[in-house]
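Welcome! Here is a friendly first walk through a structure, part by part. Take a look at it before reading on.

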Amino acid sequence: MVLFSLIFLCVSELIICVAGKLSASDLSILRAYSFKVDEHLTDEAFAKIPYAFPSEPVPSVDICRSRVQFLSGLKPERYDCCINSCCCFAGEHKDRVKCPYCKQDRYIFDRKGKRKPRKVFNYLPFIPRLVAMYANPTKAKESQYRAFEHKHTPGKIVDVFDSYIYRRLLGKKVVIGGNATSNQYFSDPRDVALGLSTDGFGPFKRRQTTSWPLLLFDYNLPPEIRFHKDNRIPLGSIPGPKKPIDWDSFAWPAFEEFMRLQHGVRAFDVLSDELFLLRGYLILVFGDIPAISMVMRMSGHNGISPCRMCKIRGVRVPNSRATTHYVPLDRSRHPTVQQSQSAIKKYDPAALPLRTEAEMLRQAREVRDTSIKGQKDQLSKKYGIKGVSILSHLRSLSFPLSFPYDFMHLIWENLIPNLILLWTGEFKGLGEGAGEYQFQPKVWEAIGAATVAASATIPSVFGARPPNPATNKSAYSAEAWSIWTMYLGPVLLRRRFRNQRYYKHFIELVRLLQICLQFEITTEDVQTVRRGFIKWVEDYEK
Amino acid sequence: MGRGLREVSKFIYGIKLLPSDEHRMYYQYSPDRLSTCTVTVHALLHIADSIEASGPMWAYWAFPMERYCGSLTPAIRSRRFPFPSLDRYITELAQLTQIKMFHQLQDALSFKAPKHDSAGQFSDPACEYPNRMITYIYSNTAHRPNLRVTSSM
């Protein structure tokens with residue numbers, strides 16, 4: 001740790017003195033190499049540049065690569081990891097030679113007996129990049145948004161800085177490892193508010209392989225540019241082929257940096273021309289449900305306690321082998337619930353049994369400290385928590401509120417496509433029962449055709465052209481579903497249902513979504529959304 | 001549903017009066033239709049709390065993350081070693097961003113025609129046509145913008 005901070009000091013010194021002028025040849029290298037990286041040129045294609053443009057003096061790819069690394073002062077940290085990507089050999093697994101989960105060897109030995117890691121996790125430290133932002137006049141100015149440009153008005157929610165998870169920290173002493181320090185959260189206008197995101201993505205169409213990129217966002221920047229390409233801070237990608245079992249071990253290097261950033265790191269503020277202690281706090285973690293369940297060490301959306309916000313119990317489809325648990329509010333007619341004395345028959349949507357931080361941590365510790373395996377599994381199933389997350393040591397995060405549900409997957413990737421599957425009779429082979437919501441195939445085809453016909457006259461500022469939902473549903477992106485739902489659906493579905501009440505129910509959803517997407521949300525709006533969704537879900541269950 | 005039938009259903013399920021058919025929606029309180037009640041429907045009940053606790057939906061939705069993942073897919077140039085090639089791309093991109101930050105090269109390395117903030121500065125409110133000003137027009141081929149006079153109504 002001491003050595004590490006020493007190295008870091010040297011790096012920050014380097015950052016401060018390196019910012020001189022670049023030579024013409026360096027600029028030429030940077031231009032060529034930026035072009036290569038932007039356009040994904042292969043090394044072979046890059047080697048052709050001097051022949052294609054003889055007047056441009058571009059050295060070989062290796063020279064360029066090492067020059068770029070030198071000029072950036074940014075070197076990836078390489079951590080060995082399990083060949084099946086179960087865990088990273090960092091933190092508590094640092095000295096292991098076998099993966100504790102799949103028992104695979106960490107090293108491979110060549111003929112001379114020299115050992116080599118079988119797989120490596122490439123981690124990019126983010127502190128040097130935050131430090132560099134304050135040495136850049138434009139970025140340093142933009143970073144003042146949180147402290148100076150954003151004005152909090154009570155009763156209005158415009159940005160994360162109006163939220164409970166941020167405001168509860170203001171004026172409070174920073175707590176590190178159970179000890180309060182002398183400084184307060186966000187007391188310096190330069191204190192950085194950070195958000196972490198991860199997601200599984202499959203690089204290949206025909207393979208199950210997934211990789212889990214880690215990405216950091218700087219919330220000090222104004223919302224218009226916060227998520228821009230140059231402002232996102234990639235931390236590297238957890239290599240596949242499988243979903244990591246022990247995500248915490250991969251998050252270890254980032255966790256170390258978050259801890260250091262809470263204490264403060266030396267940085268130079270170009271605007272006031274002074275050295276200062278740069279501090280930063282992680283306040284949000286987001287992504288889709290499987291990703292966040294992994295990060296929080298929860299059992300996920302199919303478990304007995306599938307919701308990370310409340311303790312609602314899931315029930316299974318009777319007489320079925322499927323282990324998926326579903327969460328209706330009213331399960332009074334379910335055979336298992338009827339037989340059980342203790343099971344709740346109907347949950348009150350206005351008073352769900354919300355999870356609290358203290359309780360979640362207590363449950364997590366209980367699961368961790370149980371050494372009997374059967375008992376451990378039983379407990380973790382009951383609570384929906386598999387263990388203590390490494391992020392729970394960061395007191396700037398609040399469990400579960402700092403891990404909100406993601407609107408994009410929730411609405412555009414799940415709710416709307418599921419409603420359409422219901423309307424077209426394709427939802428899990430379910431008929432309409434006593435309902436009257438299914439469309440005749442001809443009706444749905446007509447709606448599809450009308451969607452396509454409408455596309456030609458919708459100005460492009462609204463977004464990309466939505467494809468035909470009847471014939472080309474796989475081409476729908478989350479954005480296309482949002483355009484279809486918000487602007488086309490209300491018109492195209494009018495008078496199409498055999499019964500008006502399904503249309504009214506859909507329109508009520510659109511109205512609520514519209515409020516959720518407003519740039520400014522008042523306390524009354526929140527109340528409307530709360531009451532509206534309670535009514536909507538209760539109606540959905542009717 | 002007739003009155004008699006209602007009595008029957010009351011008897012069968014032993015619960016209070018079921019909603020009549022004209023109110024039936026999707027789940028219909030039927031255990032066989034349980035699969036309509038997914039966690040995503042339940043999660044709607046947490047949206048209002050979430051806005052108050054964590055801020056507006058756009059501040060933490062997955063669009064920026066998905067966009068980033070989308071930008072990574074073409075970076076995988078090797079089918080045999082997909083992850084090292086991915087790591088190299090992420091690293092090099094971060095290094096270039098860092099250099100841009102040190103040397104204020106954001107514009108120079110953006111490979112786009114420089115932004116002209118000067119557009120509009122030639123307008124003269126005192127002249128005969130106060131709504132006329134000089135702006136730039138862009139075309140795909142011309143690197144240097146041409147000048148033309150447009151109306152800024």
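## Domains, a chain contact and a helix pair

The centres of domain 1 of chain A and domain 2 of chain A, taken over C-alpha atoms, are separated by 31 Å. Domain bounds here come from an automatic or database domain assignment, and the table shows how chain A is divided.

| Domain of chain A | Residues |
|---|---|
| domain 1 | 23-73 |
| domain 2 | 120-293 |
| domain 3 | 312-388 |
| domain 4 | 407-541 |

A note on reading all this: the model is predicted, so local features need pLDDT of at least 70 and side-chain atom pairs count only at pLDDT 80 or more, while totals for chains, interfaces and linings use all residues. Residues are numbered from 1 along each chain as its sequence is written, and chains are lettered from A and ligands numbered from 1 in the order in which they are written.

Next, the two chains. Their contact takes 103 residues from chain A and 77 residues from chain B, where contact means C-beta atoms, placed from the backbone, within 7 Å. On the side of chain B that touches chain A, H5(B) gives the most, with 19 residues; helices are DSSP runs (H or I, at least four residues), numbered from the N terminus.

Finally, a helix pair. Helix H18 (residues 478-492) of chain A packs with helix H19 (residues 500-516) of chain A at an angle of about 150°, their axes 10 Å apart. That makes H18(A) roughly antiparallel to H19(A) (angles over 145 degrees count as such). Among the residues that meet there are Met486(A) in H18(A) and Phe506(A) in H19(A).

Methods. Axes are lines fitted to C-alpha atoms, for helices over the stretch in contact, and angles run from 0 to 180 degrees between N-to-C directions. Helices (H or I, at least four residues) and strands (E, at least two) are DSSP runs, numbered from the N terminus. Angles under 35 degrees count as roughly parallel, over 145 as roughly antiparallel, 65 to 115 as roughly perpendicular and the rest as oblique. Two residues are in contact if their C-beta atoms, placed from the backbone, lie within 7 Å.
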